[in-house]
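Work through the exercises below with the sequence and the model side by side. Try each task before you read its solution.

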Amino acid sequence: MLAIVAAAVFGFALLLDLLDTDMGAPDLFNWNTLVLIGLFLLALYFAGVGRGGTTGGGGRWYRGRRPGRG
């Protein structure tokens, strides 16, 4: 989820750069700030923040005896 948000932030920063606008707030919506926010979100994503919890006992998809073991 954080990677998708980071991609949206990078896309918004690209649009602001291509349109050469600052949306009336040059200190808030400059490309440096948006790129840093995007990199921060990617760092959180790679650190494992925002991952869904594992259910089912550690990724075990079968129940009972292991298939093919007699």
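**Exercise 1. Find which residues L44 touches, leaving aside its neighbours within four places in sequence.**

Solution. 
- Step 1. Leave aside the neighbours within four places in sequence; L44 is then in contact with L2 and V49. Contact means heavy atoms within 4.5 Å.
- Step 2. Helices (H or I, at least four residues) and strands (E, at least two) are DSSP runs, numbered from the N terminus.
- Step 3. Check the cover. L44 has a relative accessible area of 25%, so it is partly exposed. Buried means under 20% relative accessible area, exposed over 50%, and partly exposed in between (1.4 Å probe, protein chains only).
- Step 4. Look along the chain. L44 and A3 are 41 residues apart there, yet their C-alpha atoms are separated by 8.7 Å.

Before going on, note the ground rules. This is a predicted model, where local features need pLDDT of at least 70 and side-chain atom pairs count only at pLDDT 80 or more, while totals for chains, interfaces and linings use all residues. Residues are numbered from 1 along each chain as its sequence is written, and side-chain values use heavy atoms, with hydrogens and water left out.

**Exercise 2. List the residues of the largest nonpolar core.**

Solution. 
- Step 1. Recall the term: a nonpolar core is a set of buried Ala, Val, Leu, Ile, Met, Phe, Trp, Tyr and Cys residues joined through side-chain atoms within 4.5 Å.
- Step 2. Name the seven members: L2, A6, V9, A13, L16, L34 and L41.
- Step 3. Assign them to elements. Both α1 (2–19) and α2 (31–47) give two or more residues to this core. The largest share, five residues, comes from α1.
- Step 4. Follow one member. Leaving aside neighbours within four places in sequence, L2 is in contact with L41, L44, Y45 and V49.

**Exercise 3. Classify the aromatic pair that a search of the whole structure finds.**

Solution. 
- Step 1. The search gives one aromatic pair.
- Step 2. The ring centres of Y45 and F46 are 5.5 Å apart and the planes meet at 55°, so the pair is tilted. Rings of Phe, Tyr and Trp (its six-membered ring) pair if their centres lie within 6.5 Å; planes under 30 degrees apart count as stacked, over 60 as edge-to-face and the rest as tilted.
- Step 3. Compare the cover. Y45 is partly exposed at 37% relative accessible area. F46 counts as exposed at 64%.

**Exercise 4. What does UniProt list for residues 28–47?**

Solution. 
- Step 1. The unreviewed UniProt entry lists "transmembrane region" there. UniProt positions are given in the numbering used here, feature names are shortened, and annotations may be inferred rather than shown by experiment.
- Step 2. In the model, residues 28–47 are 85% helix and 0% strand, with end C-alpha atoms 26 Å apart.

**Exercise 5. Where does D20 lie, and is D20 buried or exposed?**

Solution. 
- Step 1. D20 lies in the loop between α1 and α2.
- Step 2. D20 has 71% relative accessibility, so it counts as exposed.
- Step 3. Check the backbone: D20 is not a glycine, but its phi is positive, about 55°. Most residues other than glycine have a negative phi.
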